[in-house]
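Thanks for coming, everyone. Let me put the structure up, and then we can walk through it.

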Amino acid sequence: MGDLVRVRRHRFAGRHDRAATTEPRWVGLLLLATTVVFLGLFLLLPLVTVFTEALRKGAGAYFASFGDPAALAAIRLTLTVAAIAVPLNLVFGVTAAWAIAKFEFRGKSFVTTLIDVPLAVSPVISGAIYVLLFGLQGLLGPWLSAHGLQVIFAVPGIVIATVFVTVPFIARELIPLMQEQGIEDEEAALTLGASGWQTFRRVTLPNVKWALLYGVILCNARAMGEFGAVSVVSGHIRGKTNTMPLQVEILYNEYNFVAAFAVASLLALLALVTLALKTLVERLSAAAVTLDSGLPAAEEI
Amino acid sequence: MAFLARRHSVLPGFGPTLGFSFLYLSLVVLIPLSLLFFRSADLGWGGFWNVITSPRVVAACRLSFGAAFAGAAVNAVCGLVVAWTLVRYRFPGQRLLDAVIDLPFALPTAVSGIALTTLYAPTGWLGRPLDAIGLKGAFSPLGVTIALTFIGLPFVVRTLQPALEDLDLDQEEAAAVLGASRWRTLRRIVLPAITPALLTGFALAFARGLGEYGSVVFISGNMPMRTEIAPLLIVAKLEQYDYAGAAAIAVLLLVASFLLLLTINLLQRWSGRRHMRGA
């Protein structure tokens, strides 16, 4: 997803002979219509459904859904899990990016591949591996239960599964950017007498702040919205081990559609805020790039 | 960690940062994941083979692979149209549509799942018209394909967009000047140039579809032998404390997605070479 940050070039508007590089007008309209209809049916309509279903019985029923203690407990648990998983992966992402982007070493591609692995693994498998490790019949299960510790069907399991699925997000945003930026700035700072920590804080960090923010936004969205992995390790204990997506599932399976879509609407709002922030960060970072290089803004070329 | 020896650099902090990263990855990713292979090895080859060739697993895998393939194929066609329109045309609302492409990434899968199910249920906005022409949307293999199309769309569009933006317009102009029709130019100049990106997007969407769970379990209806997907069988086996059986299906899916990842890497190397040659 790293390549989503990009500067759009408007070179198609006017600079070239349009007739040679565009389709006939009717084909263009057909393409445009296909795009709008396809995206409308496949992307916008499901989003609209979430809100119309949540408000089907009026605003009163909608807001009453949040009075349910189980719903509140689910919201609290989701916030707690994200508050643990995101900082952990933030620390990991920054340290991994420093080692991978600023140094050459053997085995680098192995480490980079390991970071990407959670993206390629089915969410169900991400949860299953921890059941195999910590579950009652798992490798460490007997030892854990002998010491009165519970990981699976409890909050620690949910946190670990969430950490697993969100490992790549921040590291993946930072590594390509920091590789591109090289080490000249840091070398200059060190030569001028800055300490290693000062160099990192005053030189490296400001250089990557947008990518870092972008990574945190993506990581947080996934941490709060993860369903498959968390579902396998949670045990669905109402009020105790239900995160918001799991609460949505339970309510939906109980045919309590208004309440299910009410909780879902909060998650959908989170997704919309994530997309809006993402677009904003892309624009700000593109503006920062063009300002830094002293070139006119891309839109004006 | 002898194999992680570094070359000389003046920057500090190599040892601690790499050490911490490697430890973290080992604890969170490497060790738990390798356990999966050990656990399925408990079964032996015969037991493993018995699990993955049992009729229910075969039916689930056929549905998972088939629906993921069909979804990726729909996305390859419609995603190409969408990416082309977004890159080559300017129209009102374009920025909004472009931002919306990422919705399936951003929307939690459980939310997409219940929304799609409501939409395609026999009484839903889209389920009713489908019903009228004799098609069952939700609770059928078609429903699974619809959910996987939704999930896979951003992979195709976001892979194609940079490739389309990098196209050399001069080649298209040259083709037009030499008398090629627009259709011929698209087929002979544009399509070959973007084929690696198109295949990469297809493979990414396919891989994601294979493992997808949240958006599918609601719309599929989970009928054994008919609309049960492979990831759901892993969950079912875990709930019956059949850990080895769950591990066997998981290994099957993992191997499939790693093979796809390998293909994607080869495709990207191919497109890199193409790019160099073109430059």
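Start with A:Glu53. Its relative accessibility is 11%, so this residue counts as buried, the cut-off being under 20%. Keep in mind that this is a predicted model.

Now, who is the partner of A:Glu53? A:Arg56: the two side chains meet in a salt bridge, 2.8 Å from N to O. A:Arg56 is exposed, with a relative accessible area of 54%.

Next pair. A:Asp116 forms a salt bridge with A:Arg172, and the closest N and O atoms are 2.9 Å apart. Where do these two sit? A:Asp116 lies in helix H5 of chain A, residues 108-120. A:Arg172 lies in helix H8 of chain A, residues 155-181. So the pair ties together parts that are 56 residues apart in sequence. A:Asp116 is partly exposed, at 25% relative accessibility. A:Arg172 is partly exposed too, at 29%.

A:Glu226 is buried, with a relative accessible area of 5%. A:Arg222 counts as partly exposed, at 23%.

There is also a network. Salt bridges that share partners join A:Lys278, A:Glu282, B:Asp98, B:Asp102 and B:Arg158. How many salt bridges are there over all chains? The structure holds 17.

On to the nonpolar core. The largest one has 184 residues. Which residues have the most contacts inside it? They are A:Ile125, A:Leu174, B:Leu36, B:Tyr120 and B:Ile234. Take B:Tyr120.

Now a glycine. A:Gly28 lies in helix H2 of chain A, residues 25-54. Buried or exposed? A:Gly28 counts as buried, at 8% relative accessibility. Not counting residues up to four places away in sequence, A:Gly28 touches A:Glu23 and B:Tyr89. What about A:Ala271? A:Gly28 and A:Ala271 are 243 residues apart along the chain, and their C-alpha atoms are separated by 31 Å.

Last stop, helix H1 of chain B, residues 14-41. This helix has 28 residues. From first C-alpha to last, H1 reaches 37 Å, close to the 40 Å expected at 1.5 Å a residue. Where is the kink in H1(B)? The kink is centred on B:Ser26, and the angle is about 50°.

That's the tour. Over to you.

Note on methods: Residues numbered from 1 in each chain as written. Chains lettered and ligands numbered in written order. Predicted model: local features only at pLDDT ≥ 70, side-chain atom pairs only at ≥ 80, totals over all residues. Heavy atoms only, no water. Core = buried A, V, L, I, M, F, W, Y, C linked by side-chain atoms within 4.5 Å. Buried < 20%, exposed > 50% of the residue type's maximum accessible area, 1.4 Å probe, protein only. Helix = DSSP H or I, 4+ residues; strand = E, 2+ residues; numbered from the N terminus. Contact = heavy atoms within 4.5 Å. Expected span 1.5 Å × (residues − 1). Bend = angle between axes of the 7 residues up to and from the residue. Salt bridge = Lys/Arg side-chain N within 4 Å of Asp/Glu carboxyl O.
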